[in-house]
Each structure stands twice: as structure tokens, then as C-alpha cells.
Amino acid sequence: MSKTLFEKIWEFHLVATPEDGSTLLYIDRHLVHEVTSPQAFEGLRLTGRKVRRPDLTFATMDHNVPTVDRLNIKDEISRAQVEALRQNCKDFGITLFDLDSEYQGVVHIIGPENGLTLPGSTIVCGDSHTSTHGAFGALAFGIGTSEVEHVLATQCLRQKKAKTYKVDFIGQRAKGVTAKDLILKLIGLIGTAGGTGHVFEYMGPAIRALSMEERMTVCNMSIEAGAKAGLIAPDDTTFQYLSQPNRRYAPKGADLEKKIGHWKMLATDEGAKFDKAIAIDTSKLAPQVSWGTSPGMVVDVDGVVPEPGTVPTVAKKDVELALDYMGLKPGMKITDIPVDVVFIGSCTNARIEDLRAAAGVFKGRKVKSTVKTLIVPGSQQVKRQAEAEGLDKIFTAAGAEWRESGCSMCLAMNPDQLQPGERCASTSNRNFEGRQGKGGRTHLVGPEMAAAAAVAGHFVDIREWV
Amino acid sequence: MESFKSHRGVVATLDRANVDTDQIIPKQFLKSIKRTGFGESLFFDWRYLPNGKSNPDFEMNRPEFHNASVLATRNNFGCGSSREHAVWALAQYGLRAVLAPRRGEVPAFADIFHNNSIKNGLLNVELKEAEVDEIFEMVRRFPGLEVTVCLEEQRVTLHLPEEISFHFEIDKAVKDHLIRGLDDIGLTLRHESEITAFEKRHDAQFLP
């Protein structure tokens with residue numbers, strides 16, 4: 001029988017089917033960070049349980065980490081959380097990429113770059129953006145703290161099988177249109193709950209043409225459409241990425257060749273059935289900008305702020321609430337919206353290609369004097385690579401701030417926060433009320449669009465610059 | 001975990017769709033390493049004024065809702081971040097059940113939030129849109145309205161002069177889990193020999 005990629009990975013990880021009708025699914029990689037793990041480790045201590053597979057569990061600190069003077073966390077509660085993770089990793093024998101590690105970074109950036117993320121595997125983390133790893137054809141999804149404890153203790157999860165959703169990006173994107181625009185457009189079309197209960201499989205020529213890092217941007221935001229996970233079948237782009245020497249945990253040499261042979265079978269069979277499907281003509285896409293307080297509230301950069309009642313996936317009242325919070329009026333041109341802050345970072349867009357793209361815009365230009373611009377690399381490896389290429393010099397010469405790696409202003413748990421009323425062009429993944437700081441207003445965009453907004457002081461159609 | 005069979009209490013309303021977990025419990029409260037103390041911070045940015053006083057314009061702050069233990073709200077509740085702190089905050093505020101509608105193809109609850117709720121004995125009840133509309137209307141007409149959420153019979157009853165009841169569907173495994181208040185990890189560890197056997201053949205294929 002023909003099977004989807006999701007079904008193949010699912011079946012490969014079936015351990016048992018308990019009497020209650022759920023499924024025990026084996027987990028190949030468990031990534032842990034400081035915010036959603038302390039209560040799980042505490043649970044293990046209270047019950048006298050051990051971590052079953054410390055060799056499959058990897059931890060880092062990212063959410064709380066300051067991006068300036070990072071080893072010196074001034075917020076006592078943040079520091080306590082970071083110290084708790086350090087102690088827990090020591091007590092339970094887990095590999096930790098600590099603050100002083102050359103491999104520290106945002107958990108979803110360091111997994112792939114260290115070769116921990118492999119095709120056909122199952123990956124979980126107490127973080128909804130775990131969907132990022134699906135770019136390799138891994139079944140990767142976010143879990144809550146109780147499930148973190150469950151995986152620590154059993155290396156399994158009790159799961160109900162998700163449905164499948166085919167997302168076909170036909171045609172090729174035009175110049176100035178990025179991976180971020182593909183995923184924002186999808187969320188805009190189907191809404192923030194359009195994928196609930198489903199695992200996406202992204203396919204089509206526009207997906208095949210993406211680099212690994214661009215694929216990660218797409219899969220990263222699967223959760224913003226409500227999906228459990230997003231998958232892209234591995235191909236030569238994937239295998240080349242995994243063959244690079246710095247993928248420390250990936251198979252090497254003959255072992256890698258043998259595994260690539262297996263991984264090539266990780267594709268949806270011809271004739272396999274999906275529960276749902278959508279096709280998007282990539283050639284017609286424009287750069288996207290979010291105007292509201294939910295990632296589905298997006299519009300083309302050459303469009304206008306919508307009228308309540310005219311957005312198919314959002315109720316009239318919710319549009320009104322969003323516009324009120326965002327301080328926007330219907331009919332206003334997107335390119336007339338001024339910005340106070342620009343944030344280039346996060347697990348969505350803080351890899352080296354994102355920084356190169358932003359640097360391409362900043363080169364020979366200056367950040368507008370009224371705009372505060374933060375550039376936060378996704379990991380220490382990304383930071384070193386950017387500095388080796390001189391990107392940091394381009395950023396600072398333009399007047400942007402070059403910071404240390406972490407989640408930073410994506411969720412503003414560290415000192416990088418918007419002030420009430422401040423408006424930010426952000427390469428992150430969520431424009432929820434208060435996400436980047438209480439009262440802050442977030443507009444989601446790709447890295448080039450964010451850089452251009454920093455220079456112009458308002459949104460610009462990047463297609464006019466490239 | 002506390003088991004859930006049937007619960008009667010005051011129902012509060014929150015008339016918003018797509019309530020995300022960042023709203024349910026903002027980031028600054030995620031720094032705790034404990035599992036308790038989140039109830040006071042539930043809906044912090046909506047619930048309190050900048051001076052720390054209770055915000056009179058926030059729906060759940062109405063006096064008739066002060067002892068509410070059931071929340072009626074709109075579709076796609078709990079979307080966004082995976083933070084289980086959102087469920088801890090709702091439960092520690094005193095809520096035992098959340099009622100929300102499926103709206104067309106949009107489910108009542110987001111996936112991760114729903115999973116987290118089950119682990120903490122917070123019952124998620126998906127109703128029809130017209131039924132939730134009716135609950136909102138009845139709460140408006142009868143402030144302090146009490147409802148009974150009976151998981152065993154899969155029924156929500158509005159205690160009006162003339163009672164109204166709505167049937168709801170729920171996954172059998174979830175129902176069983178909540179009624180028995182089971183410890184998942186203990187249950188899974190009963191499959192220890194299957195896990196070990198799986199690891200033997202799987203490791204050889206998977207590990208470098």
C-alpha cells in the first residue's frame with residue numbers, strides 16, 4: 001500500500017499499542033532547554049526515576065540568555081533557571097551546550113548545525129518550534145513539560161496518530177520573495193488553526209529549490225498554522241548539508257553513505273492519500289508583512305491594512321481587536337507603516353544565510369537614526385561564521401547592534417524587549433499581543449524586508465531594491 | 001493526578017477566538033522552576049492594570065465570575081507556545097473545565113494545549129458553535145450561572161429554571177485517562193520489555 005512520508009516515520013517508531021488505544025512512539029532525539037524542563041526533572045526526582053537515554057538527550061540555554069554580557073545574568077530568577085538546567089544535566093548525565101560552549105545557541109538552530117537532526121528520526125523538545133527539524137524529513141514536534149518528563153523517563157510518548165496535509169508549492173518564487181513569505185502566505189490562506197490535528201508535508205518545485213536553511217524557516221512556522229509538525233522529504237540538498245564536516249553527531253564516511261541509501265526511501269509513495277491538500281502558485285507570491293496579532297494576519301507588502309469583515313480566516317471582531325492593539329487603520333498602505341525597532345534573529349531566521357541576506361541589504365546603507373536595530377545570531381557557530389565573513393562589520397557600520405546568540409526579542413524573556421507602543425519589524429514567528437514586550441507591536445517579515453525597514457524607517461517593497 | 005468524573009460550578013466567559021498561551025501566561029512568569037504559583041498570573045496583561053489593580057474591563061474580572069471553575073470561550077483556544085504553564089495557570093486559578101466551539105473546520109482547542117490539559121486533569125470540552133453561543137447568552141441573562149460538566153455521561157448541563165443539556169464527543173483514551181486520573185509514566189513503564197526490545201533493533205539502525 002502507498003504510504004506518506006509521515007506514515008513511514010510513524011510506523012518505524014511504533015513501540016507498542018497500549019490498551020487505551022493510544023500509541024507508544026519512540027523518540028530518537030530529545031532536546032531540552034531551561035524554561036520548560038525544571039519541573040520535569042523535579043518530577044523525576046520525586047518519583048526516583050532516571051533519564052532512560054541520556055545519550056539521546058541534549059540540552060542548551062537559549063530563552064533567558066542575555067545577548068550582551070551573556071555570562072553575567074543579572075535577573076536572579078532567570079539565573080536560577082539557567083543554573084537549574086546546569087545542575088539537572090550534571091545530575092542526570094545529559095550533554096549540555098552551556099553558555100560558555102562554542103556550540104551554544106537557539107535549540108532549533110544547534111540541533112541541525114551539529115548533525116543531531118537526521119532524516120527519518122523522531123525529535124521532540126518542550127518548545128513548539130521543534131517543527132523546524134521537519135526540514136530534514138524528521139518527525140519533530142513540540143511537547144509540554146509533563147511530556148518532557150515522560151520522554152526523559154521512558155524515551156517514548158503516548159500519541160494519537162495525526163492526519164496528513166499536503167502543501168504543494170508549485171512554480172518558482174520571484175526575486176525578493178523568501179522562504180518566510182511562502183510560509184506566511186500559507187498561514188494567511190488557511191488560518192492559525194488550519195493545520196490543527198495534521199502533519200504538513202511540503203512539496204513541489206519551489207520547496208525542492210530551497211536550501212536546507214530556507215526549508216527550516218518554512219517548517220519552523222508549521223505550528224503557527226496549528227499543525228503538529230511539518231515535513232520535507234530529504235534529497236541531495238539534505239545529504240550535502242549532513243555531509244559537511246561540522247555536523248559532529250551525524251554519521252560519517254561509509255556509515256553516512258549507507259544511511260543516505262536508507263534516507264532516499266523517505267518519500268511519500270506515488271498514489272499515497274493525504275487527508276487534506278492545498279496547492280499554492282509560488283510564482284504569484286509577493287513579500288508578506290503581518291498587520292495583526294496572529295501570524296495568519298498577513299498581507300502582500302504592496303497591499304493595505306484590511307477592513308474588518310474582509311479577512312476570510314479571521315472574524316470581523318478579531319480584526320477590530322487586532323487593529324486596535326496594533327494602532328492601525330484599515331486602508332493604510334503597508335509601506336507607510338513606520339517602525340521603531342528591527343529585530344533580526346530567532347529560530348525562524350537567524351542562520352548564516354539569513355544574516356548574509358540582511359547584510360546584503362545593509363551593505364553601503366545606514367540604519368535610520370530613529371530605528372533601533374538588533375541582530376542576534378542563532379548560535380555561537382553562526383556568530384563565528386558571520387564574523388569570519390565580515391558580516392558583523394557590515395551591520396555595525398550600518399548602525400545596527402551585533403549581539404550574542406539566543407532567543408532574545410522573539411519572546412523577550414531576556415532584557416531585549418519592546419517598550420509599550422513600540423513597533424517592530426521582526427524576523428521571528430509570533431506577533432501575539434505583548435510577545436516582544438508588553439504593549440509592543442510586532443510585524444513579521446523576512447530578513448531582507450526587516451533590514452530594508454531599518455534603513456527606510458518604514459516597510460518597503462524589497463523587490464524594488466533587489 | 002486528580003481524576004475528573006463530574007464537576008459543577010460557575011461558568012465565566014471570555015469572548016475571544018485564538019487566545020494564545022502567551023496571553024494565558026506571559027513570558028515573565030515562565031522563569032519559575034516550580035510547578036505552582038501560576039494562578040495569580042493567569043491572563044496577566046488583560047487582567048491587571050499597569051498599576052497592578054484588577055482591570056474592571058476584563059470580562060473574567062466581573063464579580064459574578066469570581067468563583068468560576070468553568071470557562072466558556074471561543075475557537076482555537078490555547079494556540080501558540082507549548083508552555084504547560086498556561087494549563088497550570090488555568091488549573092491553579094481554579095478552573096476544572098474549558099468549553100469552546102469548533103467553528104467550521106477550526107477546532108476548539110490547539111493540539112499541544114489540549115495534550116497538556118489532559119496531563120493536568122483540565123477537561124477540554126468541544127461543543128458546537130450554536131451551543132457555545134447559547135452558553136454566552138444564558139450567562140449574560142443569568143449572571144453567576146452554574147453548569148455541570150459530566151465527563152462520564154459526556155454532557156454539559158446549564159442549571160437554568162429549565163435545564164439545558166449539550167452532549168459532547170471525546171476521545172475514548174482521553175476520557176478513560178481523565179476519569180481514572182492515571183499516571184502516564186507509570187503506565188508506559190509497564191511496557192518496559194517492549195521498549196527494551198525496540199531499542200535493541202532500532203539503535204543498530206539509527207545510531208551512527
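In chain B, seven strands form an open sheet with mixed pairing, arranged in the order S4-S3-S2-S1-S5-S6-S7. The model is predicted.

- The edges are formed by strand S4 (123-128) and strand S7 (164-167) of chain B, each of which pairs on one side only.
- From one strand to the next, the twist averages 30°.
- Strand S5 (residues 146-150) and strand S6 (residues 155-158) of chain B run antiparallel and are joined by four bridges.
- B:Cys150 has B:Arg155 in S6(B) as its bridge partner.

**The helix on the sheet**

- Helix H5 (residues 129-141) of chain B packs on the sheet, where it touches strand S1 (6-13), strand S2 (68-72), strand S3 (97-102), S4, S6 and S7 of chain B.
- The direction of H5 makes about 125° with that of S3(B).

**The helix pair of chain A**

- Helix H12 (residues 352-362) and helix H15 (residues 447-456) of chain A have axes that come within 8 Å and cross at roughly 30°.
- Angles under 35 degrees count as roughly parallel, and H12(A) and H15(A) are therefore roughly parallel to each other.
- The crossing of H12(A) and H15(A) is right-handed.
- On the H12(A) side, the contact involves A:Asp354, A:Ala357, A:Ala358, A:Val361 and A:Phe362; these meet A:Pro447, A:Glu448, A:Ala450, A:Ala451, A:Ala452 and A:Val455 in H15(A).
- By class, the contact of H12(A) with H15(A) comprises nine nonpolar residues, two charged residues and no polar residues.

How values were computed. Residues numbered from 1 in each chain as written. Chains lettered and ligands numbered in written order. Predicted model: local features only at pLDDT ≥ 70, side-chain atom pairs only at ≥ 80, totals over all residues. Axes fitted to C-alpha atoms, helices over the stretch in contact; angles between N-to-C directions. Helix = DSSP H or I, 4+ residues; strand = E, 2+ residues; numbered from the N terminus. Parallel < 35°, antiparallel > 145°, perpendicular 65-115°, else oblique. Left-handed = near helix turned anticlockwise from the far one by under 90°. Contact = placed C-beta atoms within 7 Å. Nonpolar A, V, L, I, M, F, W, Y, C, P; charged D, E, K, R; others polar. Pairing = 2+ DSSP bridges.
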